[in-house]
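Open the model in your viewer and follow along, one selection at a time.

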Amino acid sequence: MNKFLTLVSIMSVSWSVNAITLNAADLAASDTKIVAVEQVVPNYPNAQLLNKRSGNVTLTYDLNKQGQPVNIAVVDNSGPKQFVHTSMKALKNSRFQPIELNSQAVAVQGLMLQYDYDFESNTDTSITDLIALHR
């Protein structure tokens with residue numbers, strides 16, 4: 001019926017000399033992975049389910065030293081505003097393993113995450129199957 005995808009792409013450039021903050025591009029170059037401790041899945045808004053609406057929301061965010069998403073902002077939205085609200089809420093409530101550089105926790109800036117809300121008509125799919133996460 002619907003598939004919900006979460007994709008992480010990494011953008012930005014510049015290396016922090018004091019290693020307090022790391023940019024996403026530097027994180028990608030280091031082959032360090034972002035590991036979800038608690039990945040919150042957005043709710044597919046009921047009104048949009050009933051209207052069979054699809055779309056996607058791209059968010060930019062930073063991770064603080066504790067692995068919490070902060071400075072969340074919308075980069076792009078191709079669906080109803082309700083998708084933005086549920087996407088931002090899910091990311092805000094998600095938690096990730098702290099990123100370490102030289103055994104020191106660092107903040108990471110410039111991460112991006114896209115939530116795809118894709119409604120397909122398939123009566124064999126249950127509501128719990130509507131959302132699937134892919135990193």
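**Stop 1: T86**

Select T86: T86 is buried, at a relative accessible area of 12%. Buried means under 20% relative accessible area, exposed over 50%, and partly exposed in between (1.4 Å probe, protein chains only). This is a predicted model, where local features need pLDDT of at least 70, side-chain atom pairs count only at pLDDT 80 or more, and totals for chains, interfaces and linings use all residues. Residues are numbered from 1 along each chain as its sequence is written, and side-chain values use heavy atoms, with hydrogens and water left out.

T86 sits in helix 3, residues 81-93. Helices (H or I, at least four residues) and strands (E, at least two) are DSSP runs, numbered from the N terminus.

**Stop 2: the aromatic cluster**

Select Y44, F83 and Y117, which form one aromatic cluster. The whole structure holds three aromatic pairs. Rings of Phe, Tyr and Trp (its six-membered ring) pair if their centres lie within 6.5 Å; planes under 30 degrees apart count as stacked, over 60 as edge-to-face and the rest as tilted.

Y44 and Y117 are edge-to-face, 5.5 Å centre to centre with 75 degrees between the planes. Y44 lies in the loop between strand 3 (36-38) and helix 2 (46-50), and Y117 in strand 8 (residues 104-119), so this pair ties together parts 73 residues apart in sequence. F83 and Y117 are stacked, at 4.0 Å centre to centre and 5 degrees between the planes. F83 is in helix 3 and Y117 in strand 8, so this pair links parts 34 residues apart in sequence.

Y44 is buried at 6% relative accessibility, and Y117 at 1%.

**Stop 3: strand 4**

Select residues 55-63, strand 4: eight of its nine residues are buried. Strand 4 runs antiparallel to strand 8, with eight bridges. Find Y61 opposite L111 in strand 8. Two strands pair if DSSP finds at least two bridges between them.
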